[in-house]
Amino acid sequence: MSLRALTPHSRLCPLTATTIRLGTLRGLKTGRVALLNHTSPTRSEAATKNAEGVIVQPSSRIHGSMHWNIERALSIALIPLTFYPMIYGSQPIVDYSLGIILPAHCHFGFQAIITDYLPHRKTPIFNIASSWALRAATALTLYGCYELNSNGDGISETIKKLWKA
């Protein structure tokens with residue numbers, strides 16, 4: 001199909017080579033666009049029981065995307081915080097930032113492992129126990145990083161000393 005054969009109210013989609021009527025997109029009559037803007041739950045999205053009789057709550061798209069965005073922001077923030085002490089030397093603000101962001105990054109990673117391999121619907125006791133153990137370990141790590149930064153040499157200097165040893 002040539003571009004000249006299209007009417008003024010349609011465009012050629014380059015990915016699928018199909019024509020999309022602009023009025024349909026603007027009126028949100030396409031299924032994909034309507035799903036993105038749909039906010040109220042339908043009957044199919046309400047809490048249901050699975051074959052084992054367990055009530056399954058619908059998942060929220062916003063909840064998952066928020067976690068994904070936070071995890072990516074923490075990962076990206078670690079890049080300059082890791083290289084800054086190597087180039088400019090140890091700074092307290094960098095050490096305190098590392099002391100917060102690194103345990104949070106590890107916490108989100110281990111929480112994803114717990115969610116994937118110990119799902120609450122199959123192993124509720126192990127899921128709850130491991131989640132609380134992870135929270136306790138994260139709290140202890142945050143406290144240890146605080147103590148290392150405020151009463152010790154700091155995270156950057158400690159890593160430099162360990163690297164030389």
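Leaving aside neighbours within four places in sequence, Ser130 is in contact (heavy atoms within 4.5 Å) with Ile114 and Leu118. This is a predicted model, in which local features need pLDDT of at least 70, side-chain atom pairs count only at pLDDT 80 or more, and totals for chains, interfaces and linings use all residues. Residues are numbered from 1 along each chain as its sequence is written, and side-chain values use heavy atoms, with hydrogens and water left out.

Q: In which helix is Ser130 found?
A: Helices (H or I, at least four residues) are DSSP runs, numbered from the N terminus. Ser130 is found in helix α5. Thr138 lies in helix α5 too, which covers residues 124-151.

Q: Does Ser130 count as buried or exposed, and what is the value?
A: Buried means under 20% relative accessible area, exposed over 50%, partly exposed in between (1.4 Å probe, protein chains only). Ser130 has 17% relative accessibility, so Ser130 counts as buried. Thr138 is buried as well, at 14%.

Q: Which backbone oxygen lies 2.7 Å from a polar side-chain atom of Ser130?
A: A polar contact is a pair of N or O atoms within 3.5 Å; within protein, one must be able to donate a hydrogen and the other to accept it, and residues adjacent in sequence count only if both atoms are side-chain atoms. Here the oxygen belongs to Phe126. The Ser130 side chain also reaches the backbone oxygen of Asn127, at 3.2 Å.

Q: With which side chain does the side chain of Thr138 make a polar contact?
A: The partner is His107, at 2.8 Å. Beyond neighbours within four places in sequence, Thr138 is in contact with Pro103 and His107.

Technical notes. Helices (H or I, at least four residues) and strands (E, at least two) are DSSP runs, numbered from the N terminus.
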